[in-house]
Structures are given as structure tokens and as C-alpha cells.
Amino acid sequence: MADLGPLIPRNRDIHPVPYDPGYKTSVARSPSQPLLSMESGASEETGPTFGHGTFGALDNNLIMNFSKGTAPAIGERILMHGKVLDERGRGVPNTLVEIWQANAGGRYRHKKDGYLAPLDPNFGGCGRTLTDDEGNYQFLTIRPGAYPWPNRGNDWRPMHIHISVFGHSFGQRLITQMYFQGDPLIDLCPIAATIKNRSQLDRLVAPLDMSNSRPLDFLAYKFDIVLRGRRQTMFENKLEGM
Amino acid sequence: MVQPLDIHEETPSQTAGPYVHIGLMPSFAGIPDVYENQLGESPIADGAKGEVIEIVGSIYDGTGWAMRDALFESWQADASGKFAGQDGADPNVSGYCRFAADGETGEYTLKTVKPGSIAGRGGQVHAPHISLWIVARGINIGLQTRIYFEDEDNSNDPLLSRIEQRQRVDTLIAKKTAYGKYRFDVRLQGEGETVFLDI
């Protein structure tokens with residue numbers, strides 16, 4: 001395989017801080033020693049691939065996939081769409097995007113979620129898709145509700161959708177959360193606040209996209225995702241012995 | 001003004017949260033039927049070449065508690081040191097697996113083949129290892145580390161060689177407990193803290 005060059009090192013300043021007392025669980029779950037930095041190699045520059053044949057027709061339709069197309073989930077119908085890019089601004093084609101979320105009332109379909117808001121019998125809360133040749137993806141879903149969580153005395157998560165993206169190499173692996181434009185809970189959320197640079201947090205807030213909303217059917221929100229890119233290998237210093 | 005670089009910044013990470021399994025391992029969350037197949041259920045298929053091994057372990061938080069809600073992904077080469085997609089790679093090794101800490105005990109199990117050593121840039125040779133990526137509630141950006149093996153020659157591995165405090169090398173070495181069986185515990189914080197990577 002052609003050597004595409006090492007991954008561009010991560011700029012950790014744009015990411016959340018690992019240790020943040022406002023988000024209590026992070027206190028005992030953050031390393032206290034510095035990370036060991038090194039140029040990427042084959043272990044980070046390769047990664048799994050998934051074929052289109054792996055996916056079912058409803059995998060990216062959370063309104064219908066839990067009921068196998070027999071009955072729609074309840075809630076505000078939305079199209080979530082966007083593009084996966086790398087740091088060079090190139091679309092990342094054929095890459096796996098997975099999402100998960102609570103239902104319209106803020107309840108997750110997980111054996112450990114005991115929130116009193118009810119489950120929706122027609123909503124599972126997970127979806128997956130591959131980006132197209134230009135890096136575009138889309139999901140049809142319902143807008144998740146806010147929900148309370150045991151952190152400080154009265155903390156509520158903003159409406160959000162969890163997103164996992166692969167890219168083409170294991171070192172690009174990323175999980176993040178999409179928030180919704182105008183949600184006042186974003187400013188109060190200790191998890192959102194683990195990102196210390198407000199302009200970086202704003203990059204996780206999806207704008208309402210009327211241009212892609214479908215009249216009498218669904219509203220749209222746009223969410224682009226940028227993954228790590230590769231350094232161009234114009235000159236490669238050889239180590240001793242080469 | 002200088003020319004613009006036109007570099008896009010990476011999207012910031014956020015925690016995967018306690019319900020990560022809904023999206024990545026729905027059967028574990030109690031949603032077994034939504035997809036026809038679940039991704040990353042095994043890194044090997046029948047007929048994979050090499051020694052089949054089982055790695056068992058727990059991930060401990062800074063208080064010594066085995067975390068019950070962590071999710072792991074592993075990525076590795078086949079027995080000859082080739083990654084899926086590379087010329088000559090074993091077609092029965094996808095190399096990729098998703099697994100979770102048990103909700104009751106906190107213990108995980110990874111069944112796979114032992115990877116071969118891997119060729120790096122500039123003629124370097126990396127000792128056999130499995131890359132591990134860990135997400136969970138309370139982890140704001142996924143943690144990378146590696147599993148090496150105590151019954152392999154790790155003395156010239158470029159990554160292990162970079163660890164200044166030599167006693168910390170041991171945190172990346174899986175211990176052999178029986179034939180084909182290893183134990184690899186991860187300690188997030190404090191005494192015996194695992195070396196985490198920025199690669």
C-alpha cells in the first residue's frame with residue numbers, strides 16, 4: 001500500500017480537558033500522567049472497512065428501524081445530515097457514522113436507564129450509515145428530549161445526539177455529541193463545559209437548516225464532522241541504517 | 001497578512017456516556033434485533049492462521065473500582081504482521097473487535113489471534129501488539145493504549161523504548177496466565193497507571 005504519510009498530531013487544546021471536577025465522573029477516570037506522544041505507524045494509519053452490503057435499508061432511519069418499518073416513533077421528525085471531512089478539507093467517503101440518542105421524552109432504551117419518562121415502543125435510538133463518495137451522510141430521526149442526570153443537584157443534559165465516526169484509520173477514531181441551535185441547556189451543561197474554548201464548543205451545535213427541511217414532513221439540522229488528516233510526505237527522514 | 005493555511009480543525013470529542021452500547025453494541029444494551037448484524041463481534045473468522053489467544057482483564061478507575069460501563073475497540077495485525085487490506089493479509093482476520101466490560105463484574109474478554117511483529121517506517125520493527133481504544137462515561141476523549149505480550153521479545157520496540165520511567169513499561173505488557181491465555185488490566189489513574197498514548 002502507498003504510504004499516505006503519518007497522521008497529523010492531535011491538537012489537544014481544542015478537545016475537552018480529561019479532568020474536570022464539574023463533570024464528577026471524570027475526576028476518577030482521567031489519567032494523571034501525561035500521554036506518551038509518538039509519530040503514527042501502521043497500527044494507527046490502518047483501520048477496519050465496512051461494505052455497503054453490511055447495512056440494512058432502515059439502518060439510518062431511527063423513526064422506523066426499531067419497528068422494522070411497521071410504525072413510526074413519536075416526536076419531532078428531523079433530518080440530521082452533514083459531511084465528514086479531514087483536516088485538509090477533503091470529504092471522507094465510505095466511512096462509518098453511527099449515532100445513538102434518547103427518545104423524545106429523554107429516555108434511553110438501555111437496561112441501566114431508569115428515568116421515569118416512558119420508553120417509546122417504536123423507538124430504539126441507534127442508527128448507522130456509510131458516507132457517500134463525497135463524504136455526506138444523513139439520518140432520519142426524532143429530536144431527543146433533555147434528561148436529568150445524577151451529577152450536581154439539578155443537572156440536565158441538553159438535547160443531544162451521540163456520534164461515532166471511524167475515518168479510514170484507527171488513529172482517526174472519534175466520538176462526540178451534537179447539540180441543537182438555541183438550546184439554553186447547553187450553557188448549563190458540565191459535559192459541554194469540559195470543552196474550555198467556547199468557539200470549539202460552538203462547533204458541536206447544529207444549526208437549523210431550512211434549506212434541507214421537507215415541507216409538511218421534517219425539519220433539518222446540519223452537522224459536519226472533521227477528522228484528523230495526514231501529513232504530506234515530501235521528505236521522509238530515514239532513521240539510522242537506511 | 002500571510003497566506004491562509006486552509007487547515008480545518010478536528011471536531012472536538014465528547015464523552016461516549018453510560019449508554020454508548022446503544023449505538024455501538026446494541027445487543028449489550030438490550031436491543032438485539034435492530035440491525036441484522038452487529039459490527040466488530042470478532043476480530044477473527046474460522047480458519048484464521050496463528051495462535052488463538054484469550055485476553056481477560058478489567059479497567060480500574062482512580063479509586064481501584066473495576067468500571068462496569070467501559071467499551072473497548074481493538075485493532076491489530078494478523079499472525080504475519082499484516083493489517084486487513086494490506087497485500088498478503090490473512091483474509092480470515094478482520095483485526096477489529098468491539099467488546100465491553102461486564103455490567104456485573106467489570107471484566108472483559110477478547111478472543112483473537114496473536115499478532116505478528118509489524119514493519120514500521122525507516123526499517124523499524126514493532127513488537128507484536130494490539131491497539132486498544134477505550135471510551136466510557138467520564139472519559140472525555142477516547143484513550144489509546146497498546147497490549148504487548150510478556151512472552152515476546154519487546155526489547156527493541158520503538159514505543160516501549162520511549163517510556164522514560166522503565167517501570168511503567170510493565171503496564172503495557174499482558175501477563176500469561178495459562179497456555180493461550182493472558183491478563184491485561186488497565187489502570188486509569190494513580191498507582192500503576194497504564195501508559196496512554198497520543199499517536
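1. Buried area is the accessible area that two parts lose on being put together, summed over both. Keep that in mind for this predicted model. Chain B and chain A bury about 7400 Å² between them. Carbon and sulfur atoms account for 56% of that area.

2. Who supplies the contact? Chain A brings 89 residues and chain B brings 76. On the chain B side, look at E10(B), Q14(B) and R121(B). These residues supply 12% of the area that chain B buries against chain A. That is more than any other three residues.

3. Charged pairs also cross the interface. The rule finds seven salt bridges between chain B and chain A. Which residue of chain A does E73(B) bridge to? The partner is R173(A). The closest N and O atoms of this pair are 2.6 Å apart.

4. Now the sheet in chain A. Strands of a sheet pair through backbone hydrogen bonds, either parallel or antiparallel. Here five strands form an open sheet with mixed pairing, in the order β4-β3-β8-β9-β10. The edge strands are β4 (126–130) and β10 (205–206) of chain A. Each of these edge strands pairs on one side only.

5. Strand β8 of chain A covers residues 160–165, and strand β9 of chain A covers residues 174–180. How do these two strands run? They run antiparallel, and six bridges join them.

6. Next, the cysteines. A disulfide is a covalent bond between the sulfur atoms of two cysteines. How many disulfides does a search of the whole structure find? Zero, over all chains. C126(A) shows the spacing: the nearest cysteine sulfur, that of C97(B), is 18 Å away. The cut-off for a disulfide is 2.5 Å between the sulfur atoms.

7. Are C126(A) and C189(A) buried or exposed? C126(A) counts as buried because its relative accessible area is 0%, and buried means under 20%. C189(A) is buried too, with a relative accessible area of 1%.

8. Last, the annotation. UniProt, in an unreviewed entry, places the feature "domain: Intradiol ring-cleavage dioxygenases" at residues 80–108 of chain A. That stretch is 0% helix and 41% strand, with its end C-alpha atoms 19 Å apart. In chain B, UniProt places the feature "domain: Intradiol ring-cleavage dioxygenases" at residues 46–190, again from an unreviewed entry. Residues 46–190 of chain B are 3% helix and 38% strand, and the end C-alpha atoms are 40 Å apart.

Terms used:
Residues numbered from 1 in each chain as written. Chains lettered and ligands numbered in written order. Predicted model: local features only at pLDDT ≥ 70, side-chain atom pairs only at ≥ 80, totals over all residues. Heavy atoms only, no water. UniProt positions renumbered as here; feature names shortened; annotations may be inferred. Helix = DSSP H or I, 4+ residues; strand = E, 2+ residues; numbered from the N terminus. Pairing = 2+ DSSP bridges. Buried < 20%, exposed > 50% of the residue type's maximum accessible area, 1.4 Å probe, protein only. Contact = heavy atoms within 4.5 Å. Buried area = accessible area lost by both parts, 1.4 Å probe. Salt bridge = Lys/Arg side-chain N within 4 Å of Asp/Glu carboxyl O.
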